[in-house]
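I opened my notebook to get to know a new structure. Come along and look things up with me.

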Amino acid sequence: MHRPRAELQDHFRAAFLGLAIGDALGFPVRAVPPAGLRRLPDLADAFAPRPRGRYPQGQWSDDTALAVLAAESISEAGSVDGRRFAARLAAAMDEGQVVQPARAVAAAVERLARGMPWMTAGEGLGVRDASAVSRGLAVGLFEADPRRLARGAGVLAVVTHKEPTCAAASAAFARAVHEVVSGEAAPAESLCGASAAEHDPALADELRHLPRLLSWEVERATELIRRVGVSAAALGDDGGLPEHPWPVLLLGTYAALRLPHDFREAMATVLRWGGEADAAAAVAGALLGAAQGEACLPPRLRRHVLYADRVIAAADALLEARLAREAHPAAG
């Protein structure tokens, strides 16, 4: 590690808090068509008072829950452990801790409850949604060796999704987090690494091309991004961000690249698309936090995001697990 311990802790915490803040900002607008959202000012200034009419202010969705569960399972095991993650996920679902889980997650947990092994419980090929992406955050922060990122992301993704498309997006997110928290690479290069290639070379190509879009007008660039890898039928008629993991990953990454020093506007760039905006805003928030630390997070949002203590505890435990393995590499 190249950062002092206290600085690393700040970046680990900010990555998880940024993810939770982006998720909580996007949760009320999930599946909302973008036409209505673009008439709303200050989308990213504050959390909705009663998201979806039934949840408390600052509530995040399954994206943050899965990232926290992944971090907790890694910290407990001292390694990326699919069996332990599956057990924690099943317990959390049983206790109602995962808010509005994706269909694939719920289906996989049902199979786990029937005794199916964690390696085979996930949804089959062709099921593509963004719910596997966020758990790449824990892998990206924990793994010091970039060669382990793709495998670790794949292990956690397969618990709910057998589709390589999902593992590829999670691996790419893990690689981006790993690079920015190390502070070693230039922004565009660090956020567009090639870990996805092990699972799907096509996503790796899209990531390599992403920095070119930074010179485009935002509307044109984001309209192109939301179509990447998605069939015309899956795009739908409302013009929102589709469920497919690639546009979610790419839009969140693009926003973090385009607006590296303006957290609110990076969030707004994503939120205006509606659809799967919560998952994409979570990606953007995590990348900005991992790169810059807690100072980049707007204080009002930092204060009011729900369950911040648990999010911070998961980040701290993950840092301790990484440091312990670095101190005793043979044990990892």
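**Entry 1: the core.** By nonpolar core I mean a set of buried Ala, Val, Leu, Ile, Met, Phe, Trp, Tyr and Cys residues joined through side-chain atoms within 4.5 Å. I kept in mind that this is a predicted model. I looked up the largest nonpolar core and found that it has 104 residues. The residues with the most contacts inside this core are F16, L89 and F173.

I then picked F173 and asked which residues it touches. Leaving out residues up to four places away in sequence, I listed L19, V133, S134, G136, L137, L249, V283, A286 and L287.

**Entry 2: helix α11.** Next I turned to α11, which runs over residues 218-225. Which of its residues are buried? I noted A221, T222 and I225. These three lie on the same side of α11, because they cover an arc of only 90° around the axis. I was glad to recall a general point here: an α-helix has 3.6 residues a turn, so residues three or four places apart point the same way.

I also wanted to know what the buried residues of α11 pack against. My note reads α13 (245-258) and α14 (263-271). At the start of α11, I saw a side-chain oxygen of E217 come within 3.0 Å of the backbone nitrogen of E219.

**Entry 3: the largest pocket.** I looked up how much space lies in the largest pocket, and wrote down about 500 Å³. The pocket is lined by 27 residues, and those closest to its centre are A102, R103, D129, E243 and E276. I checked which elements give two or more residues to the lining, and they are α3 (62-77), α5 (103-113) and α12 (232-235).

**Entry 4: A104.** Is A104 buried or exposed? A104 counts as buried, because its relative accessibility is 3%, and the cut-off for buried is under 20%. Not counting residues up to four places away in sequence, A104 touches E123, V127, D129, T160 and H161. I also looked up G124, 20 residues from A104 along the chain, and found their C-alpha atoms separated by 9.2 Å.

**Entry 5: D316.** My last stop was D316, in helix α17 (residues 308-327). D316 has a relative accessible area of 18%, so I put it down as buried. What does its side chain make a polar contact with? I found the side chain of R13, at 2.7 Å. Beyond residues up to four places away in sequence, D316 touches Q9 and R13.

Notes: Residues numbered from 1 in each chain as written. Predicted model: local features only at pLDDT ≥ 70, side-chain atom pairs only at ≥ 80, totals over all residues. Heavy atoms only, no water. Buried < 20%, exposed > 50% of the residue type's maximum accessible area, 1.4 Å probe, protein only. Helix = DSSP H or I, 4+ residues; strand = E, 2+ residues; numbered from the N terminus. Arc of directions from axis to C-beta. Contact = heavy atoms within 4.5 Å. Polar contact = N/O pair within 3.5 Å; in protein donor to acceptor, adjacent residues only side chain to side chain. 1 Å grid on protein atoms, 1.4 Å probe; cavity = no way out; pocket = protein on both sides within 12 Å on 5 of 7 lines; lining within 4 Å. Points joined across faces, edges and corners; volume = space filled by probe spheres on them.
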